[in-house]
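Hello,

Here is the structure I promised to pass on to you. My notes on it follow below.

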Amino acid sequence: MSTPRVSPGGFTDLGPINWLFARGASRLIGVDDARIFSTLGRAKGLFRGWLHFSARLMPFGALSLTETEMIIIRVAHLRGCDYELDHHRRLGARAGVRGDVFDRVIEGPDAGWGDRERALLAATDELIVTKDISDQTWTALGRHLEESKLVAFVLLVGQYDTLATTIGTLRIQRDVKV
């Protein structure tokens, strides 16, 4: 990836709240600088609003953590977003998405999944590729998710698609482990 279009900010750029969050996240993740946070933190209050919205999707979302991580990993893979893959390879492993399961998520909905997982991954693929879900796939997804979770699913995929766009457009560099 080329030079960042918006460089990660320091204390003055982020303000005390965003800077503390970015520093704490960096330590928790084990990186020198969690660049997603020190870059987006430049947006001040918008950043905090985005954090709240994001947290309502992951980790405090309507779907299980395992399913949420499968969806996020699939979005990151389809969008070619190595930054997201780096983080969600680790977070996914904590939620049980590791080894063969991770590889099958990358492979896609036809990688030997049960009906529920296949429906989640197929709907993710369709949303990313076509920005819609076919009636057939929606019906399959609806066999497993109540309406509130269908809404949460669409928001989750959209959030991580938007995040991949933001990371790519801003040219946010991958984090460096310490």
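**Notes on the model**

R171 is found in the segment after α9, where helices (H or I, at least four residues) are DSSP runs numbered from the N terminus. R171 is partly exposed, with a relative accessible area of 22%; buried means under 20%, exposed over 50% and partly exposed in between (1.4 Å probe, protein chains only). The phi of R171 is positive, near 60°, in a residue other than glycine.

Before I go on, a word on where the values come from. This is a predicted model, with local features needing pLDDT of at least 70 and side-chain atom pairs counting only at pLDDT 80 or more, while totals for chains, interfaces and linings use all residues. Residues are numbered from 1 along each chain as its sequence is written, and side-chain values use heavy atoms, with hydrogens and water left out.

**Backbone points to check by eye**

Most residues other than glycine have a negative phi, and most peptide bonds are trans. Besides R171, with its positive phi near 60°, there is K131, which is not a glycine and has a positive phi of about 65°. K131 follows α7 and lies in the loop between α7 and α8. With 52% relative accessibility, K131 counts as exposed. As for peptide bonds, the one from M58 to P59 is cis, with omega near 20°. You will find P59 in the loop between α3 (45–57) and α4.

**Helix α7 and its surroundings**

Helix α7 covers residues 115–130, which makes 16 residues. From its first C-alpha to its last, α7 reaches 22 Å, close to the 22 Å expected at 1.5 Å a residue (the expected span is 1.5 Å times one less than the number of residues). Its buried residues are A119, L120, L121, A122, A123, T124, D125, L127 and I128. What covers them? The cover includes α4 (65–79), α6 (100–107), α8 and α9.

A122 is one of the buried residues of α7, at 10% relative accessibility. Not counting residues up to four places away in sequence, A122 touches P109 and T137; contact here means heavy atoms within 4.5 Å. A122 and S134 are 12 residues apart in sequence, and their C-alpha atoms are 10.0 Å apart in space.

R74, in helix α4, is a buried residue too, at 5% relative accessibility. Beyond four places in sequence, R74 touches V105, I106, E107, G108, P109, L121, T124 and D125. Of these, L121, T124 and D125 are among the buried residues of α7.

The loop between α6 and α7 holds W113, which is buried with a relative accessible area of 15%. Leaving aside its neighbours within four places in sequence, W113 is in contact with M70, V101, R104, V105, G108, R118 and L121. W113 and R89 are 24 residues apart in sequence and 19 Å apart in space, C-alpha to C-alpha.

Two packed helices are described by the angle between their axes and the distance between the axes. In what follows, axes are lines fitted to C-alpha atoms, for helices over the stretch in contact, and angles run from 0 to 180 degrees between N-to-C directions.

The axes of α8 (residues 135–142) and α9 (residues 147–170) come within 10 Å and cross at roughly 120°. That makes α8 oblique to α9 (under 35 degrees counts as roughly parallel, over 145 as roughly antiparallel, 65 to 115 as roughly perpendicular and the rest as oblique). Here W138, L141 and G142 in α8 meet L150, F153 and V154 in α9. These contact residues divide into 5 nonpolar, 1 polar and no charged (Ala, Val, Leu, Ile, Met, Phe, Trp, Tyr, Cys and Pro count as nonpolar, Asp, Glu, Lys and Arg as charged, and the others, Gly among them, as polar).

Helix α5 (residues 82–94) also packs with α9, at an angle of about 125° and with the axes 9 Å apart. That makes α5 oblique to α9. From α5, Y83, E84 and H88 meet Y160, L163, A164 and I167 of α9. The residues of this contact divide into 5 nonpolar, 1 polar and 1 charged.

**One more buried residue**

S38 is found in helix α2 (residues 35–40). At 2% relative accessibility, S38 counts as buried. Leaving aside neighbours within four places in sequence, S38 is in contact with P8, G9, L14, A22 and D33.

Best wishes

Key:
Helix = DSSP H or I, 4+ residues; strand = E, 2+ residues; numbered from the N terminus.
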